[in-house]
Amino acid sequence: MLLHSGSCAVCKTEGELIEISQFGKALCPSCFPAFIQRHVRSLMRRRQMHRKGDTVAVALSGGKDSAVLAHVLKEISWNMRIELVGLHIDMGLGAYSELSERVVRELCEKLRIKLEITRVSDFGVSIQPVGQFRQCNVCGAVRRALMNRTTRNLGLQVLATGHTLDDILQFMLKAVLSGHLDAPRPVLPPSEHRPRKIKPLYFTPEAATSVYADLLELPYTEEQCPLFDPAGRRFNEIFDLLEQKAPMGTIQYAHTMLRAMKRVGKDELKRICPMCGEPTNTELCPICRLRRQQLGED
Ligand SMILES: [Zn+2]
Ligand SMILES: [Zn+2]
C-alpha cells in the first residue's frame, strides 16, 4: 500500500490517498470502503456466488480477513438480498482460542449478525499431529470438516470463507511447483454433502483488507495461531516482488491461472466416513481420525 496526496479517483477530493497497486487506483479514505464493497459485489455477481434469499454462513476466525469479509457482506447484503450467519470453530487452543472467540463475538455484535460456535472439544478430541500430518494440517482439515458440517446442520446452502488474493496466489504457485494445475476456485458448486463454498475476497489483496479493517475499526486479533506453520506462506516475497516490478501483475497472474485450471478442486469429498457417515476425501474423516488416535475408537 502507498499513501500519498493527490485527487481521489472517485470523488476527486484533494488530500491523502490510499493506493493499492493491484487495483491501479488511488482513493480517499471515505471512498475506499465503498470501492472494496463494489469490487466484492461485482465478483459475487459475475461468478454467481449467491442466489436471492440465500442465508450465507460466514466463517469467522477472529483474524482481519474474515472480519473484513463479514463487514463487506453485511454492507452489501440488502442490495444482494442475502442474510448472514457468523460461524466460528473453537479449536481448543488455549488463550489463542479464547481471544479469537472474544473478538468474533464483538464483531458479530457490532455487525448485528447471529453467531454459531462449534467446539472441537464437543467431539471429545483435541488437535494433535496424526501420522505424517502436522498439527497445522490436522487443524485445517478439522476446521474445514466442522465448517461444512455446521453449515449443513443449520440448513444453510452457502459457506463464505475469507481467503484473499494472497492466499490464492500461494495455493496456485504451490500447485504448479508440485506438478498440478489445480487451486481453489472462487465458487465450489454444492454437492450432496457439502454446501456451495464461496471466496468473495478471491481477488482482494491483504494490503486492502488491512486498510479496510483499520479504517472501519473492526474487532480482530493479529495474534498468530500457535500451530501456524510459516512454510505455508513461504512465497509471499515472490509475489510482493512481482507486484512491485509489474503493478497489477499478481491479479493478472491469478486470473490467467484460474482460466488455465480445468480440474475440479481437491475438496470434492467423494467418500463417506465409515465411523460417522460424514463425507470425506480420506479413509476416515478428520475428526474420526483424531477419535481413533485419542480415544482408541474403531
Ligand atoms: Zn474520494
Ligand atoms: Zn467420521
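The model discussed here is predicted.

Q: Is Arg81 buried or exposed?
A: Arg81 sits in the loop that joins helix H2 (64-80) to strand E5 (83-90). Around Arg81 there are 11 other C-beta atoms within 10 Å. Since the limit for an exposed residue is 12 or fewer, Arg81 is exposed.

Q: What is the phi of Arg81, which is not a glycine?
A: Most residues other than glycine have a negative phi. Arg81 is not a glycine, yet its phi is positive, at about 55°.

Q: Which loop holds Arg112?
A: Arg112 also has a positive phi, of about 55°, although it is not a glycine. This residue is exposed, because 8 other C-beta atoms lie within 10 Å. Its loop is the one between helix H3 (95-111) and strand E6 (114-119).

Q: Which element of the chain has the highest mean pLDDT?
A: The chain as a whole averages a pLDDT of 90, and 96% of the residues score at least 70. Where pLDDT is low, the predicted coordinates should not be read in detail. Among the elements, the lowest mean, 78, belongs to strand E1 (residues 2-7), while the highest, 98, belongs to strand E4 (residues 55-59).

Q: With which residues is Leu107 in contact, leaving aside its neighbours within four places in sequence?
A: Once neighbours within four places in sequence are set aside, the contacts of Leu107 are Leu60, Ala67, Ala70, Leu218 and Pro219.

Q: Is H1 parallel or oblique to H6?
A: Two packed helices are described by the angle between their axes and the distance between the axes. The axes of helix H1 (residues 32-46) and helix H6 (residues 206-215) come within 10 Å and cross at roughly 130°. Because of this angle, H1 is oblique to H6.

Q: Which residues of H6 meet Phe32, Pro33 and Ile36 of H1?
A: The crossing of H1 and H6 is left-handed. On the H1 side, the residues that meet H6 are Phe32, Pro33 and Ile36. Their partners in H6 are Ala208, Val211, Tyr212 and Leu215.

Q: What residues of H6 make the contact with H2?
A: The axes of H2 and H6 come within 9 Å and cross at roughly 70°, so H2 is roughly perpendicular to H6. From H2, Lys64, Asp65, Ala67 and Val68 take part. From H6, the residues are Glu206, Thr209, Ser210, Tyr212 and Ala213.

Q: How far apart in space are Ser126 and Leu93, C-alpha to C-alpha?
A: Ser126 lies in the loop between E6 and H4 and counts as partly exposed, with 14 C-beta neighbours inside 10 Å. Beyond four places in sequence, Ser126 is in contact with Gly92 and Val120. Ser126 and Leu93 are 33 residues apart in sequence, and their C-alpha separation is 8.4 Å.

Q: What distance separates the C-alpha atoms of Arg51 and Lys64?
A: Arg51 is in the loop between H1 and E4, and it is exposed, with 12 other C-beta atoms within 10 Å. Arg51 and Lys64 are 13 residues apart along the chain, and their C-alpha atoms are separated by 26 Å.

Note on methods
Residues numbered from 1 in each chain as written. Chains lettered and ligands numbered in written order. Predicted model: local features only at pLDDT ≥ 70, side-chain atom pairs only at ≥ 80, totals over all residues. pLDDT = per-residue confidence, 0-100. Helix = DSSP H or I, 4+ residues; strand = E, 2+ residues; numbered from the N terminus. Contact = placed C-beta atoms within 7 Å. Axes fitted to C-alpha atoms, helices over the stretch in contact; angles between N-to-C directions. Parallel < 35°, antiparallel > 145°, perpendicular 65-115°, else oblique. Left-handed = near helix turned anticlockwise from the far one by under 90°. Buried ≥ 20, exposed ≤ 12 C-beta atoms within 10 Å, placed from the backbone.
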